[in-house]
Amino acid sequence: MKTFVRTTVFAAGIFLAARLGAQPALKQAFQNDFLVGAALNPSQFCESNEMEAALIKQQFNTISPENVLKWALVHPEPGRYDFALADRYVAFGEKNHMAVIGHTLVWHNQTPDWVFQDNQGKPVSREVLLQRMRDHIMTVVGRYKGRIKGWDVVNEALAEDGTLRPSPWRKIIGEDFLLKAYQFAHEADPQAELYYNEYSLENKPKRSGAVALIQQLQAQGVKIAAVGLQSHVRMDWPTRRQEEATISAFANLGVKVNITELDVDVLPSAGNDVGAEVTSNFKRSEKLNPYAGGLPAAMQQQLSDRYAELFSIFVKHRQDIGRVTFWGVTDGDSWLNDWPVHGRTSYPLLFDRAGKPKPAFDQVIKTAGS
Ligand code: GLA
C-alpha cells in the first residue's frame, strides 16, 4: 500500500513536470528517500556562475563545501581565521532552505604544516596539538552553531588495511585523536550531527577497521550520526554486493549512511588510483584521456546503467541513507578532470559541461519510487 501511494504520487509529479515542460528535480524525485546534494565551489554559492547557481537551487536540498571549510582555507595561519567564503557558503544554503554540511575538521590533507610544528619546524607535543585542534573546532563549529546541520569531524583516518594511518594527528596525539575531535565538536555545537567520512570502505579490510572504530567511539560515549561513504566510484567498483554489505555493516551499528562525494569515473585507470588519495598524480597521455572530443554513445549508456544500479541500491536501502551528495555539479567542475592525471576530460556527474542533464540523469530519476 505504502509503495502504491509512493509510486502514484511520484508518477503524478513526473507527469506534471512533463506537462509543464519542466525538468524533473532530483530533490523532488527522491523526497521520500533521502536528501540529494552537491559539493559547491565559490563561483556557485557566490552566484557568479548564474547558470550553475540556478541549477543547484532547482535540483538539490543539501550542500557541502568543496574546499572553503577545510583547515588550510579557513585557518591559514596561527591565530588567523578567514571566514569570508565560508560565510557566503552557509548563507547560500540558508537562503535556499538547504541542509548545510560542514567538511571537514580533522584531516591530514589541506591542513597547513604549521599546525603540527613549532617555531623551529619540529613536531609539537600532544598537548599543544590538542590545544590547536580544540581551538580550531571550537572557533569554526562555534561560528556556525545551529546553522550547519552536521560535520565531517574526522576525514580519512584509516589506511587500506583498516588500521589507523600514520598521519601527524595519529603520530603526535595518539589513537585518541578521534575521540578528542568528536568531544570538541560536540562541545562546540551539541545539536550538530557528527560524521566519520572515508573512502574505499566498500573494501572489506578497511570496512572492518571502520566498523571497529565506530564501535569504539560509541563505547566511549560518542554519538556518531552517520558514516560518510565518499563514493568516488568506478564502472566496476564497488560491486552491488560490496555496496550493500557496506551500507548494512554501518546500519547494523545504528548509524546512518551518507553518500558524501559521489562521482563515477569512466576514464581508464592510470595505475594504483582506486580510492581517493588526493596526492596521487600520474602523467597524462592520449591513452589515458580517450574522450577528449566527447563521450561515445556506448559509454554514455554504460554510465547511465551504472548510475541506475547505484541509485537502485540507495533507494532499496533508503531507510538507512540520510543523503546522497555528488562531488560537483557539472562534468566541467569535477576534480576528476585533474586527478589522478592532470588535464583530462572526465564525465563523472549527471550534468554535462553546459549544465544539461545527461542520459544518466533520466535513468537516476527513474529509480526513485522504485
Ligand atoms: C577527498 C576529500 C574531499 C576532496 C576530494 C577530492 O575525498 O574528502 O574533500 O578533497 O578528496 O576533491
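A polar contact is taken here as a pair of N or O atoms within 3.5 Å, where, within protein, one atom must be able to donate a hydrogen and the other to accept it. In the predicted model described here, such a contact involves Thr104, as a polar atom of its side chain lies 2.9 Å from the backbone oxygen of Asp152. Thr104 belongs to strand 3, which spans residues 99-106, and with a relative accessible area of 2% Thr104 is buried, because that value falls under 20%. Leaving aside residues up to four places away in sequence, Thr104 touches Leu69, Lys70 and Trp71 as well as Asp152, Val153, Val154 and Asn155.

Strand 1, formed by residues 35-40, is mostly covered, with five of its six residues buried. Strand 1 pairs in the parallel sense with strand 9, residues 321-326, over four bridges, and within this pairing Ala38 has Phe326 as its bridge partner. Strand 1 is also joined by four bridges to strand 2, residues 62-65, again in a parallel arrangement, where the bridge partner of Ala39 is Ser64.

In helix 7, which covers residues 126-143, Ile137 has a relative accessibility of 0% and therefore counts as buried. Beyond residues up to four places away in sequence, the contacts of Ile137 comprise Leu105, Val106, Gly142, Ala181, Phe184, Ala185 and Ala188. The C-alpha atom of Ile137 is separated by 34 Å from that of Leu350, a residue 213 positions apart from Ile137 along the chain.

Backbone geometry was also examined. Most residues other than glycine have a negative phi, and most peptide bonds are trans. Against this background, a cis peptide bond joins Trp237 and Pro238, with omega at about -5 degrees, and Pro238 is placed in the loop between strand 7 (232-234) and helix 11 (240-251). The bond from Trp339 to Pro340 is cis as well, with omega near -5 degrees, and Pro340 lies in the loop between strand 9 and helix 13 (359-367). Positive phi values occur at Glu47, where phi is about 65 degrees although the residue is not a glycine, and at Ser200, where phi is near 60 degrees. Glu47 is located in the loop between helix 3 (42-45) and helix 4 (50-59), and Ser200 in the loop between strand 5 (193-198) and helix 10 (204-219). As for accessibility, Glu47 counts as partly exposed at 24%, whereas Ser200 is buried, with a relative accessible area of 3%.

Methods
Residues numbered from 1 in each chain as written. Predicted model: local features only at pLDDT ≥ 70, side-chain atom pairs only at ≥ 80, totals over all residues. Heavy atoms only, no water. Buried < 20%, exposed > 50% of the residue type's maximum accessible area, 1.4 Å probe, protein only. Helix = DSSP H or I, 4+ residues; strand = E, 2+ residues; numbered from the N terminus. Pairing = 2+ DSSP bridges. Contact = heavy atoms within 4.5 Å.
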